[in-house]
Amino acid sequence: TDQSPLLSSRFFSDGRRKVDYVLVFYQRKQISVRGSDRLHRLSAPPHPPHRLSVISNGSSTLSGPVGGLGCAAGQRSAGDGEVCVDLAVEVELEADPAEGEMVLIREEFEARLLEAGLEMERDTEVRVYGPSFTRLHVPWQVLSREAEFLKIKIPTKKSYDLKQENGFSASLSEFWRKVNQPFQPNIPQLGHSTTKQLSHCFSRDKLHLFNITSKDTFFDNATRSRIVYEILRRTACTRTSQSMGITTLIAKGVYDSAFPLHDGDYKVVGHSERNDRQLLHDEWARYGAFYKYQPVDLIRKYFGEKIGLYFAWLGVYTQLLIPASMVGIIVFCYGCYTVDMDVPSLEMCDKQQNFTMCPLCDGVCDYWHLSTACGTARASHLFDNPATVFFAIFMSLWVATFLEHWKRRQISLNHSWDLTGLEEEEVNTITYHTPQD
């Protein structure tokens, strides 16, 4: 019962359709509600009344004064689950041409999202000031269409057994696994499987290849968010000349933010099973887990392949910095040990020799004694001593080792996550989406 508000906030008001993305904009001007007056906007032609709450199934055509919602306020249509409002209620903005233009841009942008097939729900209350939310849901028809277009690889029913190690290599791997066991995150999903499922680019003509038990859960949350973002990114408005996409609208101030929702709270309530977000918080995103390996498979599942690859690279980089930092500490300690035996700094710090140096500038600078630079000379020896030559050679070899090790790690992840040919597919997708003159 404690999580019921969180569960309800992740779904539409019907409790069935999941909120895949949220658009946020702020009411920065006072508004007034009228029952029968016409809507007035400064420097704008007559326009239909502002829709306060709409749940669209994404398939019905917009008609009538306000999208064809011909029912009383608060009623729910039995056919497609729409929530309607009183059409006589109209919103009048204050005399602000910029705010009125943003309202028109938002209405046009959201209308094009409906045309693209997304389902939409707005806030039911009229906000005088503060944030307003537009929730988006992507139905199966749009998911399957976009997944086929983006060539998203999905595991199929076909699987094969992985080759098992034997002999000395198996014993060595088992020993290394036991040594690393305290540093492994406590993630049940990361158990080593002996089988691997074949993946194939999703196709609506080959649904029999995939194990579709439920269309609502077939695509994971990262894939659903990626598909919605692609639609938001390429949707254009005629009122925003030479610009398109949600990123441009956020930059122009039409929307303040756009984001997907998390899968519940990150705190575990009671003895319930931990979800993916709670696992990531407990085993990854806290200082107490700094000594553990990153659960890159779970990161990829929750955030997607690109973010998973980034943190995999960051983990390899941080891991290989350990020997580099140890060598650097040794070089620094060598400088501290030999600072009292460095002849140049000893001569500079000897006040009995009393070397008088020429002024550093003309006119205003005076003569100065070399012994005044004693502290600088001793400090420079800590970081610039004969051992730093060895450190420079070591770092040159370290860079080459890091690059080769990351290439090996990246190829392994590409095979494990079925990312072979991902860059070529993205280039083809971007080329297809680029508008031509």
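D418 is partly exposed, with a relative accessible area of 22%; buried means under 20% relative accessible area, exposed over 50%, and partly exposed in between, with a 1.4 Å probe and protein chains only. The model is a predicted one, in which local features need pLDDT of at least 70 and side-chain atom pairs count only at pLDDT 80 or more, while totals for chains, interfaces and linings use all residues. Residues are numbered from 1 along each chain as its sequence is written, and side-chain values use heavy atoms, with hydrogens and water left out.

D418 lies in the loop between α12 (387-416) and α13 (422-433); helices (H or I, at least four residues) and strands (E, at least two) are DSSP runs, numbered from the N terminus. Most residues other than glycine have a negative phi. D418, although not a glycine, has a positive phi of about 60 degrees. K151 is likewise not a glycine and has a positive phi, of about 55 degrees. The loop that holds K151 runs between α3 (140-149) and β7 (153-161), and K151 counts as partly exposed at 40% relative accessibility.

The cysteines come next. How many disulfides does a search of the whole structure find? The search finds one, where a disulfide is a pair of cysteine sulfur atoms within 2.5 Å. This disulfide joins C361 to C365, with an S to S distance of 1.6 Å. Because the torsion about the S-S bond of C361 and C365 is about 90 degrees, the disulfide is right-handed. Both partners are partly exposed: C361 has a relative accessibility of 28%, and C365 has a relative accessible area of 30%.

C336 is partly exposed at 36% relative accessibility, whereas C237 is buried, with a relative accessible area of 7%.

Two packed helices are described by the angle between their axes and the distance between the axes. Helix α7 (residues 276-283) and helix α8 (residues 296-303) have axes that come within 10 Å and cross at roughly 140 degrees; axes are lines fitted to C-alpha atoms, for helices over the stretch in contact, and angles run from 0 to 180 degrees between N-to-C directions. The angle therefore makes α7 oblique to α8, given that angles under 35 degrees count as roughly parallel, over 145 as roughly antiparallel, 65 to 115 as roughly perpendicular and the rest as oblique. The crossing of α7 and α8 is left-handed, a term for a near helix turned anticlockwise from the far one by less than a right angle, with right-handed used if clockwise. In contact (heavy atoms within 4.5 Å) are D276, R277, L279 and L280 of α7 with L298, I299, K301, Y302 and F303 of α8. The contact of α7 with α8 has six nonpolar, no polar and three charged residues; Ala, Val, Leu, Ile, Met, Phe, Trp, Tyr, Cys and Pro count as nonpolar, Asp, Glu, Lys and Arg as charged, and the others, Gly among them, as polar.

Helix α8 also packs with helix α9 (residues 305-338), at an angle of about 150 degrees and with the axes 7 Å apart. α8 and α9 are therefore roughly antiparallel to each other, and their crossing is right-handed. From α8, the residues V296, I299, R300 and F303 meet E305, I307, G308, F311 and A312 of α9. By class, the contact of α8 with α9 divides into six nonpolar, one polar and two charged residues.
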